[in-house]
Amino acid sequence: QLSSGKEVWIDPEHLTDFYNVYVDEGVTLDIPIRTYNRELLVRMLAVHEITMKMIMEGLKPGIRLANVAHGFDYQDFTFVRERLWENELMDILCIPSSRVLPDIKSIDRLLYHMTHGMEYKQYHLLGIYNMTWLSLAIKFIYEWNKTKGKNVLLTSDASSAIYSASALRY
C-alpha cells in the first residue's frame with residue numbers, strides 16, 4: 001500500500017485462478033494509486049493495465065469484476081477513468097472511503113463518478129466506517145434513482161473502527 005509504505009505482491013494469475021474457482025464477483029487487482037505525483041500515477045496505471053490484461057485473458061465468462069476509482073481531485077479522476085475504466089468491460093465501480101474528507105466531499109466524489117464517463121450499474125463504497133457518510137450515500141442513491149428513473153445499486157463493505165478512531169470520526 002502506497003499510503004502505509006507496505007508492499008505486498010499478489011500474482012495476477014493466482015488471483016485469476018482463485019476467482020475462477022471461488023467467486024462470481026470480485027475487485028480488480030487494485031493497485032492503490034493515492035498520490036499527488038503524476039509521474040507515479042502514470043507508472044502505477046501502467047502496472048494496473050498489465051495485470052488487468054493478464055486477469056481478463058484467464059477469467060472465465062460470467063465473473064463480474066469491479067474497477068476502483070482512484071485519485072484526489074477531478075483532474076486525477078478524469079485521467080484515470082479515460083486511461084482505464086472505459087476501456088474495460090466492467091459494470092461495477094468501487095469508490096474508496098476517505099478518512100480525511102468531510103462527508104459532503106465524499107458525496108461529491110460519488111456524484112462525480114455517477115455523472116462523468118461510463119454509467120455503472122453498481123457503485124460499491126469501500127471501507128465504510130462512518131455511518132453518516134453511508135446514510136448520506138443511501139439517501140443520495142435513493143433520490144438519484146427516483147428522479148432519474150434509474151435502478152443503480154449501491155453496496156458497501158465495512159472497515160474497522162480503528163480507522164474511524166484514527167480519523168477522530170466517532
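Me: At 49% relative accessibility, what does glutamate 119 count as?
Reply: Glutamate 119 has 49%, so it counts as partly exposed. Before we go on, this is a predicted model, where local features need pLDDT of at least 70, side-chain atom pairs count only at pLDDT 80 or more, and totals for chains, interfaces and linings use all residues. Residues are numbered from 1 along each chain as its sequence is written, and side-chain values use heavy atoms, with hydrogens and water left out.

Me: Where does glutamate 119 lie?
Reply: Look in the loop between α4 and β4. Those labels are DSSP runs numbered from the N terminus: helices are H or I, at least four residues, and strands are E, at least two. For a spatial landmark, the C-alpha of glutamate 119 is 9.2 Å from that of isoleucine 92, although 27 residues separate the two along the chain.

Me: How many helices and strands are there in the protein chain?
Reply: You'll find 6 helices and 5 strands. Along the sequence, they follow the pattern α-β-α-β-α-β-α-β-α-β-α. Of the chain's 170 residues, 44% count as buried. The accessible surface is about 10,000 Å², with 58% of that belonging to carbon and sulfur atoms; such areas come from the Shrake-Rupley method with a 1.4 Å probe, and for residues only the protein chains shown count as cover.

Me: Among contacts between residues at least 6 apart in sequence, what percentage join residues at least 24 apart?
Reply: A contact here means heavy atoms within 4.5 Å. By that rule, 77% of those pairs join residues at least 24 apart.

Me: How do I read two packed helices?
Reply: Two packed helices are described by the angle between their axes and the distance between the axes. The axes are lines fitted to C-alpha atoms, for helices over the stretch in contact, and the angles run from 0 to 180 degrees between N-to-C directions. Take α3 (residues 74-83) and α4 (residues 103-115): their axes come within 11 Å and cross at roughly 35 degrees. On the α3 side, Tyr74, Phe77, Thr78 and Arg81 make the contact, meeting Lys105, Asp108, Arg109, Tyr112 and His113 of α4. Those residues split into 3 nonpolar, 2 polar and 4 charged.

Me: In which crossing does α1 pass α2?
Reply: A crossing is left-handed if the near helix is turned anticlockwise from the far one by less than a right angle, and right-handed if clockwise. α1 passes α2 in a right-handed crossing. The contact uses Pro12, Glu13, Leu15, Thr16 and Asn20 of α1, plus Thr51, Met54, Ile55 and Gly58 of α2. In this case the residues divide into 4 nonpolar, 4 polar and 1 charged.

Me: What is isoleucine 55 in contact with, leaving aside its neighbours within four places in sequence?
Reply: Its partners are Pro12, Leu15, Thr16, Leu29 and Leu65. Isoleucine 55 belongs to helix α2, and it counts as buried because its relative accessible area is 1%. Threonine 28 is 27 residues away in sequence, yet 8.3 Å away C-alpha to C-alpha. You'll find threonine 28 in the loop between β1 (25-27) and α2 (38-58), and at 4% relative accessibility this residue is buried too.

Me: Which residues are buried in α4?
Reply: An α-helix has 3.6 residues a turn, so residues three or four places apart point the same way. In α4 the buried set is Asp103, Ser106, Ile107, Arg109, Leu110, Tyr112, His113 and Met114. Their cover includes α3, β3 (92-96), β4 (122-128) and α5 (131-148). α4 has 13 residues and spans 19 Å from its first C-alpha to its last, close to the 18 Å expected at 1.5 Å a residue; the expectation is 1.5 Å times one less than the number of residues. After α4 comes glycine 117, with a positive phi near 75 degrees.

Me: Which strand does proline 96 lie in?
Reply: Proline 96 is in β3, and its 19% relative accessibility is why it counts as buried.

Conventions. Nonpolar A, V, L, I, M, F, W, Y, C, P; charged D, E, K, R; others polar. Buried < 20%, exposed > 50% of the residue type's maximum accessible area, 1.4 Å probe, protein only.
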